Amino acid sequence: MIKFQNVFFSYSDGDSSIKDITFSIKPGECVVLCGRSGSGKSTILRTISGLIPVFYEGELKGKVEIDRQIPAELDSEERANLFGVVFQDPRSQFFMNSVQDEICFVAENIGLSAHEIRQKLDEIVGVVGIEGLLSKNIDELSSGQKQKVALASSLILQPKVLILDEPTSNLDEDGVKVLIKIIKKIKDRGISIIISEHRLEPFNEVVNRFLYIDRGMLRKVWSKEEFESLDNESLSKLGLRPKTINKNTKNKKSNDLILDIESLSFHYKKTKLGIDDINLKLYKGEVVSLLGNNGAGKTTLCKVISGLLKENGGSIKYRGKVANRNLRNKFCYFVMQDADYQLYSDSVVSEISIGKKITEKLKKDMVDSLDAFSLNELKDRHPASLSGGEKQRVILAAAYCSDADVYILDEPTSGMDGDGLHSIIKWVKLLSEKGKIVVIITHDSLLAEATSDKFLYLEEGKQIKEGKKVLYEYN
């Protein structure tokens, strides 16, 4: 179904490329591309989908065939019938307001009758399990629900190939389990699936092979059994995420109370959703992980803490005094989940220093940050040209060079490889040692275990549990 034979591609602007890639995927097979950020995985997906070299210009050599057709030579209707694509951020591929309109968008564009569209809609909605979402506005959905809608939209024409780019990056544990169940159903239909991913273990149930890409080349191919036999040391050497990680061991807790959050509440006017009666004390050097399913209120809570939103009730005291939004905005640094919202400059190195006064300390911090987040080779690149994981590292490097007292990280390992995970763990520990408070919104249990002193669980905007260790089943 998918055939790569001695494929080379180099971008016209000189960015990363792929070299001499050869592999094939049969109908109904599931193959996962793995490797460090920037290794060439996304380039392979773009070549399969025909975006290379039509949209992403450059020199393409070798043989690329999808169902014996050359993807770059197909028109839009032929592509839509041949393969479906789900991007890392589903929002980037939505065009309509309602869920039903979005799912039907492609089918309507190629001129299918209303009867045909209804039949296809009913079938694919059942496969993906979103019967209750059809009448909803897309903006009202959680990240996991948006992922399901994107899947349904890509599958409505019953393509022969499904392409998934980092499908678990915005999903909680329940969402990942649902995704795997959906992939099983898709495989049973004979659809070939190719996935680019860093969180590999969840796919053991459905994968046929893992393809390891390194510096643009296919270096290793593992069966499911061969991959399962790899130990943490082998995975880490390859830049992949370990299966387990050493748990955090910290010194005696500080008695210096920095943030005292009491009865905090906030509700969005339109949806009435938000947070209720949150109580939390954060001490100097403490690291806390906020856990809970998509839509539980974790990001909302942190936006209130950082002053991006004004609370409806309760208070936040900073060093014993009530802190208004303006003050909180000064002592908090919020690293958003979507790195694109915080990228403004024309190079990595200027992005890290943007808005800051150039001092000897800043210069030293910039050197340290480029090293800490493995950005030296990328320092002159435009941020827009980077992979999702690389962009995330740039934002974290910029945060590293700030002088805040409270750092808030929203899914910092989203789209991160094993090297990136270890870098963030190291940086969080360094901030803690410096007496900074770090609040981490995460679904990544490895990150939480390795860094955090405290774990706060939210559900539907309410604080349901607080503890000193990760609880995998807390409902």
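**Accessibility and backbone angles**

Author: Arg319 is partly exposed, with a relative accessible area of 47%. Buried means under 20% relative accessible area, exposed means over 50%, and partly exposed lies in between, computed with a 1.4 Å probe on protein chains only. This is a predicted model, in which local features need pLDDT of at least 70 and side-chain atom pairs count only at pLDDT 80 or more, whereas totals for chains, interfaces and linings use all residues. Residues are numbered from 1 along each chain as its sequence is written, and side-chain values use heavy atoms, with hydrogens and water left out.

Reader: Where is Arg319 found?

Author: Arg319 is in the loop between strand S13 (313–318) and strand S14 (321–322). Helices (H or I, at least four residues) and strands (E, at least two) are DSSP runs, numbered from the N terminus.

Reader: What can be said of the phi of Arg319?

Author: Most residues other than glycine have a negative phi, and most peptide bonds are trans. Arg319 is not a glycine, yet its phi is positive, about 55°. Glu166, also a residue other than glycine, has a positive phi near 50°. Glu166 belongs to the loop between strand S6 (161–165) and helix H7 (173–188), and it counts as buried at 5% relative accessibility.

Reader: Which residues does a cis peptide bond join?

Author: Ile52 and Pro53 are joined by a cis peptide bond, with omega about 0°. Pro53 is part of helix H2 (residues 51–54).

**Contacts**

Reader: Which residues does Ser39 touch, not counting those up to four places away in sequence?

Author: A contact means heavy atoms within 4.5 Å. With residues up to four places away in sequence not counted, Ser39 touches Ile213, Asp214, Arg215 and Gly216. Ser39 itself sits in the loop between strand S3 (30–34) and helix H1 (41–49), and it is buried, with a relative accessible area of 4%.

Reader: What does the side chain of Ser39 reach?

Author: The side chain of Ser39 reaches the backbone oxygen of Ile213 at 3.4 Å. A polar contact is a pair of N or O atoms within 3.5 Å; within protein, one must be able to donate a hydrogen and the other to accept it, and residues adjacent in sequence count only if both atoms are side-chain atoms.

Reader: How far apart are Leu218 and Asp20 in sequence and in space?

Author: Leu218 and Asp20 are 198 residues apart in sequence, and their C-alpha atoms are 7.9 Å apart in space. Leu218 lies in strand S9 (residues 217–223) and is partly exposed at 21% relative accessibility. Leaving aside neighbours within four places in sequence, its contacts include Ile21, Thr22 and Phe23. Arg219 is found in strand S9 as well; it is 148 residues from Val367 in sequence and 32 Å from it in space, C-alpha to C-alpha.

**Cysteines**

Reader: How many disulfides does the structure hold?

Author: A disulfide is a covalent bond between the sulfur atoms of two cysteines. The cut-off used is a pair of cysteine sulfur atoms within 2.5 Å, and the structure holds zero disulfides.

Reader: How much space lies in the second largest pocket?

Author: Its space is about 740 Å³. Among the 23 residues of its lining, Ala80, Phe83, Val85, Phe95 and Val106 are the closest to the centre. A pocket is an open set of points on a 1 Å grid over the protein atoms alone, where a 1.4 Å probe fits, with protein on both sides within 12 Å along at least five of seven lines; lining residues have an atom within 4 Å of a point. Grid points are joined across faces, edges and corners, and a volume is the space filled by probe spheres set on the points.

Reader: Which elements give two or more residues to this lining?

Author: They are helix H3 (76–82), strand S5 (83–86), helix H4 (99–109) and helix H6 (143–155). In H4, the buried residues are Val99, Glu102, Ile103, Cys104 and Ala107, and their cover includes helix H5 (114–128) and H6. Gly111, which follows H4, has a positive phi near 85°.
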